[in-house]
Amino acid sequence: MEIAVTLENIQQCAQYFWEHVRGRVFAFHGEMGVGKTTFIKALCAAKGVTAHVSSPTFSLINEYSYSEGNLLKHIFHIDLYRLKDEEEAVNAGIEDCLYSGNICFVEWPQKTPSLLPESRVDIYMHAVNNNTRLLKIDFHR
Ligand SMILES: Nc1ncnc2c1ncn2[C@@H]1O[C@H](COP(=O)(O)OP(=O)(O)OP(=O)(O)O)[C@@H](O)[C@H]1O
Ligand SMILES: [Mg+2]
């Protein structure tokens, strides 16, 4: 599946994403500055996250919450850009997040190839012009 995202239609794209893509772990591939965090922010907003969403800088993992019916749910936002090795990820508890059953967004997933669950959604982002990012979404199930 492909979605063409601009800063104008991003919230509709996020809504469309949640209506069409099922999954728990979402791996975001794409070069620096392509818009991974920006789209994750829109996906969080569409779920009803009200907290500020930004890349985890000092820790590797941010946790946000939202409510679904009467349930309080959690989202993990993991940014592996600064990760030195997989051991550091294991020590930070990345696997606990990835296998928790909660929604996990992972930026720079190629840093921990052997830790990612096989049943994940891979999202590849490319800039097609100044305003548009193309998301190619691969389901592994
Ligand atoms: N669809 C879009 N169209 C145009 N600009 C965009 C789009 N999405 C994001 N941007 C802009 O691109 C810039 C970088 O976005 P963002 O921080 O989300 O990238 P990133 O992929 O998470 O970067 P990093 O690799 O550093 O984590 C932001 O200034 C943002 O406004
Ligand atoms: Mg980012």
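Helices are DSSP runs of at least four residues, numbered from the N terminus. In this predicted model, the protein contains four helices and seven strands. Their order along the sequence follows the pattern β-α-β-α-β-β-α-α-β-β-β. The radius of gyration of the protein is 14 Å, close to the 14 Å that the globule rule gives for 141 residues, so the protein is as compact as a globular protein of that length. The C-alpha trace spans about 40 × 40 × 30 Å along its principal axes.

The shell around ligand 1 holds 15 residues, of which Gly35, Lys36, Thr37, Thr38 and Arg133 come nearest. Helix H2, covering residues 36-47, supplies three residues of this shell, the largest share. By class, the shell around ligand 1 is made up of eight polar, four nonpolar and three charged residues.

Helix H2 also packs against helix H1, which covers residues 10-20. The axes of H1 and H2 lie 8 Å apart and form an angle of about 65°. Because angles of 65 to 115 degrees count as roughly perpendicular, H1 is described as roughly perpendicular to H2. The crossing of the two helices is right-handed. On the H1 side, the contact is made by Ile10, Gln11, Cys13, Ala14, Gln15, Phe17 and Trp18. On the H2 side, Phe39, Ala42, Leu43, Ala45 and Ala46 take part. The contact of H1 with H2 comprises ten nonpolar and two polar residues, and no charged residues.

Charged residues number three in the shell around ligand 1, whereas the contact of H1 with H2 has none.

Technical notes:
Residues are numbered from 1 along each chain as its sequence is written. Chains are lettered from A and ligands numbered from 1 in the order in which they are written. This is a predicted model: local features need pLDDT of at least 70, side-chain atom pairs count only at pLDDT 80 or more; totals for chains, interfaces and linings use all residues. A residue is near a molecule or strand if its C-beta atom, placed from the backbone, lies within 6 Å of it. Ala, Val, Leu, Ile, Met, Phe, Trp, Tyr, Cys and Pro count as nonpolar, Asp, Glu, Lys and Arg as charged, and the others, Gly among them, as polar. Axes are lines fitted to C-alpha atoms, for helices over the stretch in contact, and angles run from 0 to 180 degrees between N-to-C directions. Angles under 35 degrees count as roughly parallel, over 145 as roughly antiparallel, 65 to 115 as roughly perpendicular and the rest as oblique. A crossing is left-handed if the near helix is turned anticlockwise from the far one by less than a right angle, and right-handed if clockwise. Two residues are in contact if their C-beta atoms, placed from the backbone, lie within 7 Å. The radius of gyration is taken over C-alpha atoms; the globule rule is 2.2 Å times the number of residues to the power 0.38.
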